[in-house]
Amino acid sequence: MIDKIRSNEHLMEILVAVLLSLIVAATAWSAYQATLWGGIQTFLLADHNRASRQAAALTLQQNQYTTVDLMTFTEYINALHAGDQNLTKFYFDRFRPEFKVAVQAWLETNPLENPNAPPHPFVMDEYKKTFLEEAEKKADLAESKIIEAEQANLNSDNYSLLTVIYASIMIIGSVTTKFSHKQLNFICLVIGLAAFAVTAVSMLLLMPIAME
């Protein structure tokens with residue numbers, strides 16, 4: 001009987017040692033993942049800021065080009081109405097190549113005589129706002145990066161929470177052999193193993209893994 005009791009106690013100690021070892025490993029892994037996800041969040045936020053700055057710069061550049069197009073087109077129309085062919089040609093030749101295509105397409109609609117013609121070349125399909133299109137792409141990229149950064153932050157928080165849960169389980173495991181009542185020790189061991197198993201399986205199945 002004494003040998004059986006000692007054997008059970010020895011088995012209990014082995015199980016407790018295994019549980020504590022697994023908890024230490026899982027805690028270290030969770031802390032490592034929390035750190036990695038925190039770093040990923042930092043880089044994603046940097047990508048977001050860079051894309052946002054690029055979108056703002058491209059939008060400003062498009063506005064500047066549109067302003068120049070509008071000013072030169074206004075002078076072109078004034079010269080056209082005045083019948084000054086030399087001045088008309090002067091402004092037309094100095095249109096931006098992209099804008100010149102739109103103006104040419106607009107002129108082909110005979111706007112001076114056709115009441116159904118588009119009011120100006122800025123509404124023509126040929127008037128391409130290249131920089132604005134690029135700005136929209138950069139803005140979309142910035143939006144996607146901030147969403148990814150928020151998810152990375154959530155992942156980091158979740159892994160940090162896991163370290164707290166594992167620490168709580170470790171407390172249960174550390175007191176498993178401290179009670180004089182053997183049945184109580186066994187109950188604590190079962191609770192600790194069950195809690196660790198549930199937490200570990202949830203971590204492996206539900207939590208994304210960051211790679212260096």
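Contact here means heavy atoms within 4.5 Å. With that in hand, welcome to the tour.

This is a predicted model, where local features need pLDDT of at least 70, side-chain atom pairs count only at pLDDT 80 or more, and totals for chains, interfaces and linings use all residues. Residues are numbered from 1 along each chain as its sequence is written, and side-chain values use heavy atoms, leaving out hydrogens and water.

**The whole chain.** Start by showing everything: you will find five helices and zero strands (DSSP runs, H or I of at least four residues for helices and E of at least two for strands, numbered from the N terminus). The C-alpha atoms fill a box of roughly 120 × 30 × 20 Å along the principal axes.

**Ile-146.** Next, select Ile-146, which lies in helix 4 (residues 130–174). Leaving aside neighbours within four places in sequence, Ile-146 is in contact with Leu-45 and His-48.

**The rings.** Finally, turn to the aromatic side chains. Rings of Phe, Tyr and Trp (its six-membered ring) pair if their centres lie within 6.5 Å; planes under 30 degrees apart count as stacked, over 60 as edge-to-face and the rest as tilted. The count comes to 15 aromatic pairs. Select Phe-73 and Trp-106, an edge-to-face pair with 5.4 Å centre to centre and 75° between the planes. This pair links distant parts of the chain, with Phe-73 in helix 1 (residues 2–82) and Trp-106 in helix 3 (residues 97–107), 33 residues apart.
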